[in-house]
Amino acid sequence: TLWGVGKVRLQATQDGDPNYDPAPKLPLVLEVVKAQQKIEFDAPKELFVKSPCRLHATATLNDPNAPVTFHLLSDPAKATLTEGELEGTEPGWVEVEARQAGNEYCEPVKARKSIQIVKRSQQIHFPLDESEHRKKGERVTLDAKATSGLEVTYVVSGPAERQGSEITLTGGGLVKVEAFQEGDPIYDPA
């Protein structure tokens, strides 16, 4: 049984018997080295801003005294990494490394993953009926909602005046209402 790394010197002997002479001694030197190991590192290719993700990795050496640890190698302004939990803070690419230190029998091992931090998409739902004919002086409430919950902004063109989320029709013709949401550090514009 081998108990560690280094050189092991062995010598084979055969003393002979009444029919055979002793065999010449045969020295043998074995170089015992640490075993190479692998690491399986599962990480998402994309991660939404402000959506934490627990990272998982396992090394060939499953030793509780030598756990796999995670390290953020790129700009700390783009993400935080705390106790194996990665959270994107702004869009961009981050690189994370999983490491296992090895022990007296196994070499250390590491693996890297690049993860893209992305903003969430959003949509605007605008329940205004376009086909409905309206009269001059009529007030119409604009009730568009962004799936992000962020405030929706309106641009009105044509014979109408807008006050907040309400328009008053001021004459005949086509009134065009556009609803948009500019986005924020978490959501793309809609």
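Modeller: This is a predicted model.

Biologist: Over how many bridges do strands E10 and E11 pair?

Modeller: Strand E10 covers residues 92–100, and strand E11 covers residues 109–118. E10 and E11 run in the antiparallel sense, and their bridges number nine.

Biologist: Which strand pairs with E11 in the parallel sense?

Modeller: The partner spans residues 46–48 and makes three bridges to E11. In that pairing Leu-47 stands opposite Ile-117. The parallel partner is strand E4.

Biologist: How many aromatic pairs does the model hold?

Modeller: Ring centres must lie within 6.5 Å to count as a pair. By that rule the number of aromatic pairs is two.

Biologist: Are the rings of Phe-41 and Phe-70 stacked or tilted?

Modeller: Planes under 30 degrees apart count as stacked and those over 60 as edge-to-face, with the rest tilted. The centres of Phe-41 and Phe-70 are 5.5 Å apart and the planes meet at 45°, so the pair is tilted.

Biologist: How many residues apart are Phe-41 and Phe-70 in the chain?

Modeller: Phe-41 sits in strand E3, residues 39–42, and Phe-70 in strand E7, residues 68–72. Phe-41 is buried at a relative accessible area of 5%, and Phe-70 is buried at 18%. The pair links distant parts of the chain, with a separation of 29 residues.

Biologist: In the pair of Phe-126 and Tyr-154, which ring belongs to a buried residue?

Modeller: The centres of these two rings are 5.9 Å apart and the planes lie at 50°, so this pair is tilted. Phe-126 is in the loop between strand E12 and E13, and Tyr-154 is in strand E15, 28 residues apart. Buried means under 20% relative accessible area. Phe-126 has 27% and is partly exposed, whereas the buried residue, at 8%, is Tyr-154.

Biologist: Which residues form the covered face of strand E17?

Modeller: In a regular strand, side chains alternate between the two faces of the sheet. E17 covers residues 166–169, with Glu-166 and Thr-168 on the uncovered face. The covered face consists of Ile-167 and Leu-169.

Biologist: Which residue of E17 stands opposite Arg-139?

Modeller: E13 pairs with E17 in the antiparallel sense over three bridges, and E16 pairs with E17 in the antiparallel sense over four. Glu-161 stands opposite Thr-168. The residue opposite Arg-139 is also Thr-168.

Biologist: Which residue takes a positive phi in the hairpin of E16 and E17?

Modeller: This hairpin has two residues between the strands. The phi is near 65°, and the residue is Gly-164.

Technical notes:
Residues are numbered from 1 along each chain as its sequence is written. This is a predicted model: local features need pLDDT of at least 70, side-chain atom pairs count only at pLDDT 80 or more; totals for chains, interfaces and linings use all residues. Side-chain values use heavy atoms; hydrogens and water are left out. Buried means under 20% relative accessible area, exposed over 50%, partly exposed in between (1.4 Å probe, protein chains only). Two strands pair if DSSP finds at least two bridges between them. Rings of Phe, Tyr and Trp (its six-membered ring) pair if their centres lie within 6.5 Å; planes under 30 degrees apart count as stacked, over 60 as edge-to-face and the rest as tilted.
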